Amino acid sequence: MFAIGDEDGTLFGGVGGGCNAGGGQGAKYRLHLKIDEEEKNLVSRRTVVKGVLLYQTFEVVVTCLLLKATGNYNGNVTSPKPSLIVLAQQFVVGALFWDTWQYFGHRILHQNKFLYKHIHSQHHRVIVNYAFAAHYHHFLEGFILDTVGGILSVRLSGMSPRASIFFFSFAVIKIVDDHCGSWLPRGNVFHIFFRNNTAFHAVHHQLYGSKYNFSQIFFVHWDKILGTYMPYSLEERAGGGFEARSLEDSKDD
Ligand SMILES: [Zn+2]
Ligand SMILES: [Zn+2]
């Protein structure tokens, strides 16, 4: 799922998705076999592309209107630049707030049958992920979890508009990586610093994982605290690539 209340973030999402989905040498990093994508996914890549483009158009328009309606967030360009420590604090506060917003919103979208059927099931039509499917979701889901959540995170944390560009862009690049369906092993900062990563979210997209790993964007603490964390192992597949396997059979039903 995803997309963000920021045009720069949306642009990064599109570019990142395209780059990530491209490149022919991806087979040795894939978390799923290509045949799995064809057999398991309930929607074609063509439909996903159309859905993402429509959603991103909607998002840019709505975000502009929302920022205009709530007013006065042009920032004071003459104010002194915040120190790196202040910036780091703002990023952490923004990330923690947004993660909380996303976790509970995402969990409700799964646990309420009506909401799942009419809203969140769209995102789960893609079981074997690829990068540009990150933004394939119902517009209401994107609006509430991403646009509203993102704007609130920025405002509550006190980030400047300039800082929010980096915050949103980082979040979008990360969420595209989380959906890319590949475990790029060397130097991937998202895998080094975040346990909420590609394999973690790939587990959630499997049928056995749909009651677990609700945490989105940065951290996994809400899943750990509330008992919805699905432990998994990442194993090299004999024919190339990797496989994320659930470590708790009891959670498979
Ligand atoms: Zn997803
Ligand atoms: Zn979900």
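Trainee: So a crossing is left-handed if the near helix is turned anticlockwise from the far one by less than a right angle, and right-handed if clockwise. Is the crossing of α4 and α6 left-handed or right-handed?

Mentor: α4 and α6 cross in a right-handed way. Remember that this is a predicted model, where local features need pLDDT of at least 70, side-chain atom pairs count only at pLDDT 80 or more, and totals for chains, interfaces and linings use all residues. Residues are numbered from 1 along each chain as its sequence is written, while chains are lettered from A and ligands numbered from 1 in the order in which they are written.

Trainee: At what angle do α4 and α6 pack?

Mentor: At about 155°, with the axes of helix α4 (residues 84-111) and helix α6 (residues 139-157) 8 Å apart. Axes are fitted to C-alpha atoms over the stretch in contact, and angles between N-to-C directions run from 0 to 180 degrees. α4 is therefore roughly antiparallel to α6 (over 145 degrees; under 35 is roughly parallel, 65 to 115 roughly perpendicular, the rest oblique).

Trainee: Which residues make that contact?

Mentor: On α4 they include Phe97, Trp98 and Trp101, and on α6 they include Ile144, Leu145 and Leu152. Contact here is C-beta atoms, placed from the backbone, within 7 Å. The residues come to ten nonpolar, nine polar and one charged. Nonpolar covers Ala, Val, Leu, Ile, Met, Phe, Trp, Tyr, Cys and Pro, charged covers Asp, Glu, Lys and Arg, and the others, Gly among them, are polar.

Trainee: And how do α3 and α6 pack?

Mentor: Helix α3 (residues 45-70) packs on α6 at an angle of about 40°, with axes 11 Å apart, so the two are oblique to each other. Their crossing is right-handed. Tyr55, Phe58 and Val62 are among the α3 residues in the contact, and Phe143 and Ile151 among those of α6. That contact divides into seven nonpolar, three polar and one charged.

Trainee: New topic: how many helices and strands are there?

Mentor: Ten helices and two strands, taken as DSSP runs (H or I, at least four residues; E, at least two) numbered from the N terminus.

Trainee: What share of the residues is buried?

Mentor: 41% of the 253 residues (buried is 20 or more other C-beta atoms within 10 Å, exposed 12 or fewer, partly exposed in between, with C-beta atoms placed from the backbone).

Trainee: What is the mean pLDDT?

Mentor: It is 84, with 83% of residues at 70 or more, on the predictor's per-residue confidence scale from 0 to 100. Over residues 1-23, though, the pLDDT is below 50. Where pLDDT is low, the predicted coordinates should not be read in detail.

Key: Contact = placed C-beta atoms within 7 Å.
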